[in-house]
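Here is a quick walk through one protein model, written for someone who would rather look at it than read a table of angles. Have the viewer open as you go.

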Amino acid sequence: MGVGISVDRLTMRYGDLVAVDEVTFDVRPGEFFGLLGPNGAGKTTTLEMIEGLRKPVGGSVTVDGTAPSGRDPALLRRMGVQLQASSFFERLTAREQLDTFRRLYGVDAERVDAMLDHVGLADKADVRTEDLSGGQKQRLSIACALVHDPDVVFLDEPTAALDPQARRNLWDLLQGLNDSGRTVVLTTHYMDEAEELCDRVAIIDHGRILELDTPAALIRSLEAPVQISLVHDSLPREQLESLPGVDHVGHDDGALTITTAEPAAVLTWLAERDALDGLSVKGATLEDVFLDRTGREYRA
Ligand SMILES: Nc1ncnc2c1ncn2[C@@H]1O[C@H](COP(=O)(O)OP(=O)(O)OP(=O)(O)O)[C@@H](O)[C@H]1O
């Protein structure tokens, strides 16, 4: 069921601006793939070219081996594209909206209420789309993208404007889609979202891919030290500073923070002194990778 995607030197220009600059990557069948980058990085343009909604000025794309030209009904049926909430049909209720998409694809009518339920909008079925909240519109647009049970799903910043709870619920829904074998491609500017959901992430900025790997490998490649925080300062700071592998020991409000590239050795030492109570360990995140690679403040 999973659909593979191949993107080869894909390029898009708007006047003098090179919005997407020879972008090349593959998405494996069944993969959860993320395009991560700040505003204006070229994520949406890249996604729209993959979906066949925007024609590239250079390079090529295939989805399941076929160019997504928009004229291939068999391929379109296998693709779910989340359109912006602003592209809803006017003055329809949530149910009518979804029913319209369902008819376009010739899907059974029962699917409508099942999808509303799936995205947590069963109680909003009779509300007109213009009266839905931003997050509810977002979820309806995802339901519309999924109504025909596609094999590959494209989502453009699906959790923007959602509250933390709705965001988590949507993460579960997207993870479920992927667990059932579907390929999922999303754009996001949320680091935690990419880290949590994606098998692999392409960090994109100024139309170019800066890095592409699993979140864990990207974080590992930073070789960033780990911070171990102890809530009490019962251990002499000087002793901690002299431990092998300890770079720095900070002291703040009665807590000690040990910065080390060798956490295993330090944790063993602490365990031997029965000092693990209330301890926390903080490693690098994808955000640290992004800041390191772009060398500047993240513009979320
Ligand atoms: N139709 C267009 N005409 C002119 N410039 C455009 C057009 N669409 C996008 N751009 C420009 O191309 C660049 C990439 O835009 P794109 O929307 O792909 O970025 P993005 O990473 O999706 O950003 P965002 O997170 O803000 O949606 C931006 O500088 C944007 O202003």
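D274 sits in the loop between α10 (263–272) and β13 (280–282); helices here are DSSP runs of H or I with at least four residues, strands are runs of E with at least two, and both are numbered from the N terminus. Before going further: this is a predicted model, where local features need pLDDT of at least 70, side-chain atom pairs count only at pLDDT 80 or more, and totals for chains, interfaces and linings use all residues. Residues are numbered from 1 along each chain as its sequence is written.

Phi of D274 is near 55°, a positive value in a residue other than glycine. Most residues other than glycine have a negative phi. D274 counts as exposed because it has 8 C-beta neighbours inside 10 Å. The cut-offs: buried means 20 or more other C-beta atoms within 10 Å of a residue's own, exposed means 12 or fewer, and partly exposed is in between, with C-beta atoms placed from the backbone.

D64 also has a positive phi, near 55°, and belongs to the loop between β4 (58–63) and α2 (73–78). With 18 C-beta neighbours inside 10 Å, D64 counts as partly exposed.

Now the whole chain. It has 11 helices and 13 strands, and its C-alpha atoms fill a box of roughly 70 × 45 × 35 Å along the principal axes. Of its 300 residues, 37% count as buried. Among contacts (C-beta atoms, placed from the backbone, within 7 Å) with a separation of 6 or more, 65% are between residues 24 or more positions apart.

What has the most contacts inside the largest nonpolar core? I50, L98 and A143 do, in a core of 61 residues. A nonpolar core is a set of buried Ala, Val, Leu, Ile, Met, Phe, Trp, Tyr and Cys residues joined through C-beta atoms within 7 Å. The largest share of this core, six residues, comes from α5. Apart from it lies another core, of nine residues, including L230 and V266.

I50 touches I5, V7, V61, V63, P68, F154 and V185, leaving out residues up to four places away in sequence. I50 is one of the buried residues of α1. Seven of the nine residues of α1 (residues 43–51) are buried, so this helix is largely enclosed by the rest of the structure. After α1 comes G52, with a positive phi near 85°.

Next, α3 and its two partners. Axes are lines fitted to C-alpha atoms, for helices over the stretch in contact, and angles run from 0 to 180 degrees between N-to-C directions.

| Helix pair | Axes come within | Crossing angle |
|---|---|---|
| α3 (residues 94–104) and α5 (residues 134–146) | 9 Å | roughly 25° |
| α3 and α4 (residues 110–118) | 9 Å | roughly 125° |

A94, Q97, L98 and F101 of α3 meet L140, A143 and C144 of α5. On the α4 side, A94, R95, L98, D99 and R102 in α3 meet R111, V112, M115 and L116.

How values were computed. Two residues are in contact if their C-beta atoms, placed from the backbone, lie within 7 Å.
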